[in-house]
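Please look over the sequence and the model first.

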Amino acid sequence: MNWLLANFPQTWELTTAHLYLSLVPTVIGVVLALGLGLIFGNRPRSRAVITSIASAVFTIPSLALFVVIPSLIGTQILDPLNVLIALSLYSSSLLVRTVFDALDAVAPEVLSAAEALGYSPARRRVFVDLPLALGPLAAGTRVAAVTNVSLVSVGAVIGVGGLGQLFVSGYQRNYPDQILAGIIMILILALILDRLIAVGARLATPWLHQGATAKSSTNNAPRNPSISTGANTEGVSS
Amino acid sequence: MITFESVSKSYPGGTRAVDELNLEIATGSFTVLVGPSGCGKTTSMRMINRMVTPSSGRVLIDGQDVSGIRAVTLRLGIGYVLQNAGLFPHRTVLDNVGTVQRLLGLNKAQARAKAYEALERVGLDASLALRYPAQLSGGQQQRVGVARALAADPPILLMDEPFSAVDPIVRLELQQEVQRLQAEIKKTIVMVTHDIDEALTLGDKIAVLAPGGVLQQYADPLSILTRPATNFVSSLVSKDRGFRALSFESLTGLSTTELPAPDTAGRIHLPTLGNGFSAEINHDAATVCWSDGVTVRSAPQPIIRPGDSLRTGLDAVLASPSSAALLADHDGNIGSYFTLADLQPLLSKATRVSS
């Protein structure tokens, strides 16, 4: 703990680097998975191929991927881009299946309604399917973000690992305080990210949390309730 | 006018959903496609807005083949109500109702203003406007579904078993609401149902389809009841057929007895009825309670109006403890009553007509 307080500026620098290395792949992963999901969601054959590739990618050990990427795309071995690319691949592999499942879970009558009312397929994807997939997608994103926070530290082995560098040097110098500092900061980072995504998702999907909304809308109910239809109030209690 | 010209639909594997369907649906009419599951009624209806493409034959709207109209454009001009309302869970009631206007290019504020109007038209309170569908009862959701279909004021309205998922009381309420709306807005409505009662109550014209998509009869409700064209139609309408046919007979020519003046407490004494019943009229609710002064005091009974059917009149008499029902005149004044004996001539006439 003392080490952490004494070396806070250095730790802070590593923390921001760590945050960058874990956040960027999460965002790229979400965008990629959503794109793939929305485009290929109702094409069974492409879907099967994508799902198999995603599973395969996810089984590659992260360290191996960090080392292999430079030879594949010609980056320097110490380039942070290697870690960013590897983690983006993991995130999108993890999330693409979530997106497929979330899109499948949209009620068929809602999709029929959209079709019958005059949505074109592309428009429906964006304005009906996508928002309805947000809830499960957010849950998946929380997992992906936390996974990335922990995987970034593996990058320390190749010299790019944010707080992971504290593990490497703490281990080499046999200095547990430094390792502890790394663990504490990573835990805090993971927790904060997880909460932020959860809160963001909640704000983006108000319809999934209507329990609270129901009460407030009853309280704010304007005008005279007696002019309402007989069936009007029954929905409130349910 | 919606025209089906020898339309068939078969699926790979040889299942035939619709078989050589010919149908002319008049503009402004309420047409019900009725039949058991697998009779192709929904399939047929969905050909109108191109959600299903016929294997052969054509569907025309006002003489224009729908296959020549862009599906999205066509659908924006046709209202659609689904069985389970099919509301968008992520949009408020208001934005659900404004969906078609948004698709037509109106901005959010304009669409919402139209949506408020549509909510009012289907009898939904504005305080529900900002709720999400999950916060509504089934009946309310279905009303929102109807409001959404009507909001853009399309000339044609398609309804796919719109009332089958709600409880009987709400169903009756919604059916009456749709009848009231139709009298007001005069759309061309095509509705699909498996419930022959619903078809007989709501339809101007009924198309009865049998499994395999074969049209059995296309006629007005009274003809379906009294002159079923095939055995299939007779079996469909066999229950309570005689009694139901009375729905299409008026009370014209009913002889009635004038009510005496009420006493100081507002009761009307009718000593000739049974053990001497008295009637207590609730003018606001248009109901009457019968009492014999000793043991019986009935629940409020409806008061019959001149436009009511013979079935309603007979039902009122059968349900009344005094075996009499009160009749209001065209101005709403309740001045006379009638009994089973008064209905007798009308009933015999109805039997002669329908046989």
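This is a predicted model: local features need pLDDT of at least 70, side-chain atom pairs count only at pLDDT 80 or more; totals for chains, interfaces and linings use all residues.

Residues are numbered from 1 along each chain as its sequence is written, chains are lettered from A and ligands numbered from 1 in the order in which they are written, and side-chain values use heavy atoms, with hydrogens and water left out.

**Chain B overall**

Along the principal axes, the C-alpha atoms of chain B fill a box of roughly 70 × 50 × 30 Å. The chain has 13 helices and 17 strands; these are DSSP runs, numbered from the N terminus (helices: H or I, at least four residues; strands: E, at least two). Of the 355 residues in chain B, 52% are buried. Buried means under 20% relative accessible area, exposed over 50%, and partly exposed in between (1.4 Å probe, protein chains only).

**A sheet of three strands**

Strands E11, E17 and E16 of chain B form an open antiparallel sheet in the order E11-E17-E16; two strands pair if DSSP finds at least two bridges between them. The edge strands, each pairing on one side only, are E11 (257–258) and E16 (324–328) of chain B. E16(B) pairs with E17(B), residues 334–339, over five bridges. Thr339(B) in E17(B) is the bridge partner of Ala324(B).

**Salt bridges**

Over all chains, the whole structure holds 17 salt bridges, each a side-chain nitrogen of Lys or Arg within 4 Å of a carboxyl oxygen of Asp or Glu.

| Pair | Closest N and O atoms |
|---|---|
| Lys41(B) and Glu161(B) | 3.8 Å |
| Glu173(B) and Arg143(B) | 2.9 Å |
| Glu280(B) and Arg267(B) | 3.5 Å |

Lys41(B) forms a salt bridge with Glu161(B). Lys41(B) is in helix H1 (residues 41–48) and Glu161(B) in the loop between strand E7 (156–160) and helix H7 (168–185) of chain B, so this pair ties together parts 120 residues apart in sequence. Lys41(B) is buried at 6% relative accessibility, and Glu161(B) is buried at 11%.

Glu173(B) forms a salt bridge with Arg143(B). Glu173(B) lies in helix H7 and Arg143(B) in helix H6 (residues 138–150) of chain B, so the pair ties together parts 30 residues apart in sequence. Glu173(B) is partly exposed at 31% relative accessibility, whereas Arg143(B) is buried at 6%.
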